Amino acid sequence: MAKQQIRLKVNGETYEILVEPYITLLEALREELRLTGTKKGCDLGDCGTCTVLLEGKAVNSCLVLAIDARDKEVTTVEGLAQGGKMHPLQEAFIEHGAIQCGYCTPGMLLSAKALLDMNEHPSEEEVRAAIAGNLCRCTGYVRIVEAILAAAESLARRGNG
Ligand code: FES
Ligand code: FES
């Protein structure tokens with residue numbers, strides 16, 4: 001099949017790339033744009049390591065064709081820090097020891113961001129539901145949940161301050 005020229009908008013930057021129609025968004029991000037923060041785990045939609053935001057919604061980028069993301073806003077973990085400063089979620093993950101091997105972390109951060117963008121004051125149950133599609137083999141999830149709740153508080157304080 002012929003390659004297609006598409007425009008991807010990732011983390012506020014616009015890229016024009018030529019892709020095969022069957023290339024996934026995950027492959028386009030990692031292999032065409034060299035944005036390797038988004039991780040490939042199962043490549044089947046089961047593990048959530050490839051989670052990115054597509055128009056603000058958390059999606060498994062291994063299940064989205066790159067051509068279906070054309071002209072849409074994509075946010076990857078590389079887009080979380082602003083002006084050289086980490087996002088409050090990233091700070092909280094470090095402070096709460098929510099990272100061990102770190103392989104699940106980019107996907108966790110983006111699932112958490114999608115939640116906090118919609119719900120400033122999530123309950124623990126809502127946090128657990130938001131990251132239900134993100135598997136972690138290391139942490140037992142407790143510290144990840146604590147970190148997300150702490151980041152929600154920190155963001156709410158900043159919003160009010
Ligand atoms: S790599 Fe996409 S869900 Fe596992
Ligand atoms: S920290 Fe290792 S998989 Fe989550």
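Please keep in mind throughout that the model is predicted.

I begin with a pair of helices. Two packed helices are described by the angle between their axes and the distance between the axes. Here the pair is helix α2, residues 88-95, and helix α3, residues 105-118; their axes come within 10 Å and cross at roughly 125°. That value makes α2 oblique to α3. The crossing of these two helices is right-handed.

Which residues make this contact? From α2 come Leu89, Gln90 and Phe93, and they meet Thr105, Met108, Leu109, Ala112, Lys113 and Leu116 of α3. Sorted by class, the contact of α2 with α3 has six nonpolar, two polar and one charged residues.

Let me stay with α2 for a moment. Six of its eight residues are buried, so α2 is largely enclosed by the rest of the structure. The buried residues are Pro88, Leu89, Gln90, Glu91, Ala92 and Phe93. Just after this helix, glycine 97 has a positive phi of about 60°.

On the α3 side, threonine 105 deserves a brief comment. Threonine 105 belongs to helix α3 and is buried, with a relative accessible area of 8%. Leaving aside neighbours within four places in sequence, threonine 105 is in contact with Phe93 and Ile99.

I turn now to the cores. The largest nonpolar core contains 24 residues, and those with the most contacts inside it are Leu89, Phe93, Met108, Leu116, Ile144 and Ile148.

Not counting residues up to four places away in sequence, leucine 116 touches Leu89, Pro122, Ile148, Ala151, Ala152 and Leu155. There is also a second, separate core of 19 residues, which includes Leu35, Val52, Ile67 and Val74.

The next element is helix α1, residues 25-32. Its buried residues are Leu25, Leu26, Glu27, Ala28 and Leu29. What covers the buried residues of α1? The cover includes β1 (4-10), β2 (13-19), β3 and β5 (73-75). After α1 comes arginine 34, whose phi is positive, near 60°.

Two residues in the loop between α1 and β3 remain to be described. The first topic is leucine 33, which is placed in that loop. Is leucine 33 buried or exposed? With a relative accessible area of 12%, leucine 33 is buried. Setting aside neighbours within four places in sequence, the contacts of leucine 33 are Leu8, Val10, Tyr15, Ile17 and Ala28. The C-alpha atoms of leucine 33 and glutamate 16 are separated by 9.8 Å, and these residues are 17 residues apart along the chain.

The other topic is threonine 38, also in the loop between α1 and β3. At 1% relative accessibility, threonine 38 counts as buried, because the cut-off for that term is under 20%. Which residues does threonine 38 touch? Residues up to four places away in sequence are not counted, and the list then reads Leu26, Leu29, Arg30, Thr49, Cys50, Val52, Ser61, Thr76, Val77 and Glu78. Among them, Leu26 and Leu29 are also buried residues of α1.

Definitions and conventions:
Residues are numbered from 1 along each chain as its sequence is written. Chains are lettered from A and ligands numbered from 1 in the order in which they are written. This is a predicted model: local features need pLDDT of at least 70, side-chain atom pairs count only at pLDDT 80 or more; totals for chains, interfaces and linings use all residues. Side-chain values use heavy atoms; hydrogens and water are left out. Axes are lines fitted to C-alpha atoms, for helices over the stretch in contact, and angles run from 0 to 180 degrees between N-to-C directions. Helices (H or I, at least four residues) and strands (E, at least two) are DSSP runs, numbered from the N terminus. Angles under 35 degrees count as roughly parallel, over 145 as roughly antiparallel, 65 to 115 as roughly perpendicular and the rest as oblique. A crossing is left-handed if the near helix is turned anticlockwise from the far one by less than a right angle, and right-handed if clockwise. Contact means heavy atoms within 4.5 Å. Ala, Val, Leu, Ile, Met, Phe, Trp, Tyr, Cys and Pro count as nonpolar, Asp, Glu, Lys and Arg as charged, and the others, Gly among them, as polar. A nonpolar core is a set of buried Ala, Val, Leu, Ile, Met, Phe, Trp, Tyr and Cys residues joined through side-chain atoms within 4.5 Å. Buried means under 20% relative accessible area, exposed over 50%, partly exposed in between (1.4 Å probe, protein chains only).
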